[in-house]
Amino acid sequence: MSGAVEAKLAELGLSLPDVVPPLAAYQPAVQSGVYVYTAGQLPMVDGKLPVTGKVGAEVTAEEAKELARTCALNALAAVKSVVGDLDRIARVVKVVGFVASASDFTGQPGVLNGASELLGAVLGDKGVHARSAVGVAVLPLDAPVEVEIQVELAHA
């Protein structure tokens with residue numbers, strides 16, 4: 001089923017990817033009441049990471065920002081896998097992003113803007129959220145970025 005959110009994605013030249021299969025013992029997303037929480041989403045494209053390494057070393061901040069955008073798309077796919085229709089999203093409540101950072105890299109907020117800007121472009125005011133941008137030493141599979149989101153659903 002495709003609704004207004006997926007139409008907006010298409011208008012932006014984007015499509016919802018397949019849900020990234022879990023790398024370990026967890027679900028891509030779970031619903032609790034009116035909230036859906038996603039697992040941390042890596043910037044997987046067609047089952048693999050397009051780039052690996054630390055931001056500020058092997059990966060530029062600009063590349064990482066694009067990867068964060070991919071993470072957000074993967075998170076939306078995970079949400080859809082649980083709720084069936086992205087038009088049920090009342091708002092994105094929180095985004096948490098992790099950036100595998102070189103020791104002197106301090107641009108984590110700019111990197112996570114890739115995810116935040118994508119959510120805003122796709123969901124409008126419903127995409128406005130609180131956020132944490134955290135620099136870490138390493139992420140699974142040597143991914144440069146990982147993003148998780150929490151969304152509130154409209155009451156059905």
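**A loop residue and beyond**

Modeller: Let's start with Asp142, which is partly exposed, with a relative accessible area of 30%. Bear in mind that this is a predicted model.

Colleague: Okay, and where does Asp142 lie?

Modeller: Asp142 is in the loop that runs between β4 (130-136) and β5 (145-153).

Colleague: Which residues is Asp142 in contact with, leaving aside its neighbours within four places in sequence?

Modeller: Those are Thr52, Gly53 and Lys54. Take Thr52: its C-alpha is 5.4 Å from that of Asp142, with the two residues 90 apart in sequence.

Colleague: What share of the contacts with a separation of 6 or more comes from residues 24 or more positions apart?

Modeller: For the chain, that share is 82%.

Colleague: Nice. Switching to Gln41, is that residue buried or exposed?

Modeller: Gln41 counts as buried, because its relative accessibility is 3% and the cut-off for buried is under 20%. Gln41 sits in the loop between β2 (35-38) and α2 (61-83).

Colleague: And what does Gln41 touch, not counting residues up to four places away in sequence?

Modeller: Its partners include Cys71, Asn74, Ala75 and Ala78, and also Val145, Glu146 and Val147. Val20 and Pro28 are among them too.

Colleague: Let's zoom out. How many helices and strands are there in the chain?

Modeller: The chain has 3 helices and 5 strands, in the order α-β-β-α-β-α-β-β from the N terminus. With 156 residues, the chain has a radius of gyration of 15 Å, close to the 15 Å from the globule rule, so it is as compact as a globular protein of that length. The C-alpha atoms fill a box of roughly 45 × 30 × 25 Å along the principal axes, and 44% of the residues count as buried.

Colleague: At what angle do α1 and α3 pack?

Modeller: Helix α1 (residues 4-11) meets helix α3 (residues 108-123) at about 115 degrees, and their axes are 8 Å apart. Val5, Lys8 and Leu9 of α1 make the contact with Ala121, Val122 and Leu123 of α3. By class, that gives 5 nonpolar residues, no polar ones and 1 charged.

Notes:
Residues numbered from 1 in each chain as written. Predicted model: local features only at pLDDT ≥ 70, side-chain atom pairs only at ≥ 80, totals over all residues. Heavy atoms only, no water. Axes fitted to C-alpha atoms, helices over the stretch in contact; angles between N-to-C directions. Helix = DSSP H or I, 4+ residues; strand = E, 2+ residues; numbered from the N terminus. Contact = heavy atoms within 4.5 Å. Nonpolar A, V, L, I, M, F, W, Y, C, P; charged D, E, K, R; others polar. Rg over C-alpha atoms; globule rule 2.2 N^0.38 Å. Buried < 20%, exposed > 50% of the residue type's maximum accessible area, 1.4 Å probe, protein only.
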